[in-house]
Amino acid sequence: MDWFFELISNKFLITGIASWLVAQVLKLIIHTIVHRKFDFWRLFGDGGMPSGHSATVVSVAAMCAMNFGFASIEFAISAILAIIVCHDATGVRLETGKQAKILNQITDLINKMSSNTIPDDVKLKEFVGHTNAQVIAGMLLGLAVALIFNFLIF
């Protein structure tokens, strides 16, 4: 049972999860304000402002820097992971979302023009990537959560 206590008391894990949770709640609030519609599933969805992925990995990297130093292997690994995740969010995943939107429009057009319709369950998810602003907001949020957790909670 020691492993469970170690797991739930791991400040790096807790900080990462807390950063993700704060980002997702903010994403839900922002989405509700912008679209004037409450969508509970945005709490778990990808894409949107701020980036939960960026917040998570940057908070862990920041905690590693503050606890192990910038020359540590822990910081190096977490920083490289953060760079990859943030870059991927604005690159491949953003382009995937753009392509999904176009393919969904083509599917809708085919359905309107043809008697053979394409089923709705093949609709692609469009919210998968992030703009640079969304990633930067997530990074700043992750840094803020790490600073709060490191200096005020742990």
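Where is the place of Pro50? Select Pro50: its place is in the loop between α2 (11-35) and α3. This is a predicted model.

**Stop 1: the loop.** Show the backbone from Met49 to Pro50. The peptide bond there is cis, with omega near -10°. Now go to Arg36, which is found in the loop between α2 and α3. Its phi is near 50°, a positive value in a residue other than glycine. Most residues other than glycine have a negative phi, and most peptide bonds are trans.

Stop 2: Select residues 52-68, helix α3, and residues 132-153, helix α6. They pack with their axes 7 Å apart, at an angle of about 40°. That angle makes α3 oblique to α6. The crossing of α3 past α6 is right-handed.

Next, show side chains at the contact. On the α3 side, pick residues including Val58, Ala62, Met63 and Met66. On the α6 side, pick residues including Met139, Leu143, Ala146 and Phe151. By class, this contact of α3 with α6 has 12 nonpolar residues, 6 polar ones and no charged ones.

**Stop 3: Ser54.** Centre on Ser54, found in helix α3. Is Ser54 buried or exposed? Its relative accessible area is 0%, so Ser54 is buried. Draw a distance to Ser51: the side chains of Ser54 and Ser51 make a polar contact (2.9 Å). Then select Cys86, Val135, Gly138 and Met139. Ser54 is in contact with these four, leaving aside its neighbours within four places in sequence. Val135, Gly138 and Met139 are in α6, among the residues that meet α3.

Terms used. Residues numbered from 1 in each chain as written. Predicted model: local features only at pLDDT ≥ 70, side-chain atom pairs only at ≥ 80, totals over all residues. Heavy atoms only, no water. Axes fitted to C-alpha atoms, helices over the stretch in contact; angles between N-to-C directions. Helix = DSSP H or I, 4+ residues; strand = E, 2+ residues; numbered from the N terminus. Parallel < 35°, antiparallel > 145°, perpendicular 65-115°, else oblique. Left-handed = near helix turned anticlockwise from the far one by under 90°. Contact = heavy atoms within 4.5 Å. Nonpolar A, V, L, I, M, F, W, Y, C, P; charged D, E, K, R; others polar. Buried < 20%, exposed > 50% of the residue type's maximum accessible area, 1.4 Å probe, protein only. Polar contact = N/O pair within 3.5 Å; in protein donor to acceptor, adjacent residues only side chain to side chain.
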